[in-house]
Amino acid sequence: MEKPSDARRSALTGKEQTLLRDARSDELAQVASIMKDAYQEYQAHFPADVWERYAANIMDVQSRLGVSELIVAERDGDVVGSVTLYPNVANTEQNWPPGWAGVRLLAVHPDARGQGIGRVLMDECLRRARQRRSLAVGLHTSDIMKVARCLYERMGFVRVPEFDFYPGSGWVVVAYRLEL
């Protein structure tokens with residue numbers, strides 16, 4: 001039986017085929033760079049030192065691999081997006097309830113946006129979570145990430161403020177949940 005993390009799935013986004021699969025070890029630097037490029041638009045919302053720490057955290061894909069799956073979207077042989085799925089998020093720093101999966105760092109390269117890639121990456125996370133019989137999927141985002149929040153809400157995610165957190169300077173990281 002194929003494990004969810006071994007899956008190679010194709011999705012049609014726009015008129016192009018998108019291959020969804022786990023990142024290979026030789027792609028980790030490329031995926032980290034895509035994440036940084038995708039999140040770069042938010043840099044102006046952070047003090048310089050906070051942004052440097054956040055960018056370093058985003059790009060540290062290697063440290064998350066033991067407890068997560070790094071899923072990539074590939075088009076014409078190029079990785080154009082990624083997302084991190086935590087199958088058992090209760091064992092991580094995310095502080096979600098037992099039985100939940102978690103999603104973090106949905107990233108689509110700026111040159112590939114508007115083509116449905118973020119949606120198919122999220123659909124793949126939900127497919128894998130359902131396959132594992134997760135109770136729900138949780139994620140954190142912020143007010144400045146309007147496009148992502150709209151996507152999550154269209155997909156049926158609802159706010160769960162009891163899981164919000166406050167990293168400092170009046171900043172709130174808002175929580176969403178989708179019951180499976």
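Predicted model: local features only at pLDDT ≥ 70, side-chain atom pairs only at ≥ 80, totals over all residues.
Visitor: Which residues of α2 are buried, and where do they sit on the helix?

Guide: Let's start with the helix itself: α2 covers residues 48-59 and spans 16 Å from its first C-alpha to its last, close to the 16 Å expected. Trp-51, Ala-55 and Ile-58 are its buried residues. Seen down the axis of α2, the buried residues fall within an arc of 60°, so they line one face of the helix.

Visitor: Which residues are exposed on the other side of α2?

Guide: We can look at both sides in turn. The buried residues of α2 pack against α1 (28-39), α3 (61-64) and β5 (100-108). On the other side, the exposed residues are Glu-52 and Arg-53.

Visitor: Is Val-174 buried or exposed?

Guide: Val-174 lies in strand β9, and its contacts beyond four places in sequence include Leu-139, His-140 and Arg-159. The cut-off for buried is under 20% relative accessible area. At 5% relative accessibility, Val-174 therefore counts as buried.

Visitor: How many Å apart in space are Val-174 and Leu-139?

Guide: In sequence, Val-174 and Leu-139 are 35 residues apart. In space, from C-alpha to C-alpha, the distance between Val-174 and Leu-139 is 8.3 Å.

Note on methods
Residues numbered from 1 in each chain as written. Heavy atoms only, no water. Helix = DSSP H or I, 4+ residues; strand = E, 2+ residues; numbered from the N terminus. Expected span 1.5 Å × (residues − 1). Buried < 20%, exposed > 50% of the residue type's maximum accessible area, 1.4 Å probe, protein only. Arc of directions from axis to C-beta. Contact = heavy atoms within 4.5 Å.
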